[in-house]
Amino acid sequence: MRWFHKTSQILLTHDHNLDRNKLTGPIPDSFECFKKPDIGIVLSHNQLFGSIPASLAHIKPERIDLSRNKLEGDASMLLGLTKRRKLLTFRGTCWHFDLSKVEFSTSLMSIDLNHNHIYGSIPVGLTVNYLQGFNVSYNRLCGEIPQGGRLQKFDVDSYFHNKCLCGSSLPICK
């Protein structure tokens, strides 16, 4: 099913839950024209591809899940400083950006970025979050996991298979 046909027939409510709908194609730039979601945007497990349209950064739901698509490029604009974002799930896409340059909101509660092409280091700013969920495994991250906050509470599964990440539940940094 083509993405454009599907969205033109939907009455979107408080939570844009369009997961597992076999949507294909890029996310249209006009997506921001729909009624703004209060709770979340869930487009996971579809066949979406291409870059994130810049207009999506203007939508500020508490939850965004774009997992298991073929999206690529820089998704850092969706991760940045918005007090509303609490749950971010971008696993299994093809994001490629420097995580160390992202400033996360202190209200963020869970972030799942596993199985991407994200590089850089884990920002020290994440130590001030009360994270309940965190996964950056299978990326290209390097450096020491920042001390403080809840980052040390997550086990090796949250961090493994990165280029040269160390500390916390991983081997000691040299």
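Two strands are taken to pair if DSSP finds at least two bridges between them. Strands themselves are DSSP runs (E, at least two residues), numbered from the N terminus, just as helices are runs of H or I with at least four residues. The model looked at here is predicted, so local features need pLDDT of at least 70 and side-chain atom pairs count only at pLDDT 80 or more, while totals for chains, interfaces and linings use all residues. Residues are numbered from 1 along each chain as its sequence is written, and side-chain values use heavy atoms, with hydrogens and water left out.

On that basis, strand 10 and strand 12 (residues 140–144) pair in the parallel sense, with 2 bridges between them. Within this pairing, G120 sits opposite L141 of strand 12. The pair belongs to an open sheet of 3 strands, ordered 10-12-13, with parallel pairing. Its edges are strand 10 (119–120) and strand 13 (164–166), each of which pairs on one side only.

Turning to strand 4, this element covers residues 47–50 and has two faces: L48 and G50 make up the covered one, Q47 and F49 the uncovered one. Strand 2 (residues 24–25) runs parallel to strand 4 and is joined to it by 2 bridges. Here L48, from the covered face, has G25 standing opposite. Strand 4 is also joined to strand 6 (residues 70–73), again by 2 bridges and in parallel. In this case F49, from the uncovered face, stands opposite K70 of strand 6.

Next come the charged contacts. Side chains of opposite charge can pair when their charged atoms come close. A salt bridge here is a side-chain nitrogen of Lys or Arg within 4 Å of a carboxyl oxygen of Asp or Glu, and the structure holds 2 of these salt bridges. To say how open the partners are, buried means under 20% relative accessible area, exposed over 50%, and partly exposed in between (1.4 Å probe, protein chains only).

R91 counts as partly exposed because its relative accessibility is 26%, whereas D112, at 12%, counts as buried.

The other salt bridge is between the side chains of D19 and R20, at 3.9 Å from N to O. D19 has a relative accessibility of 24% and so counts as partly exposed, while R20 is exposed at 56%.
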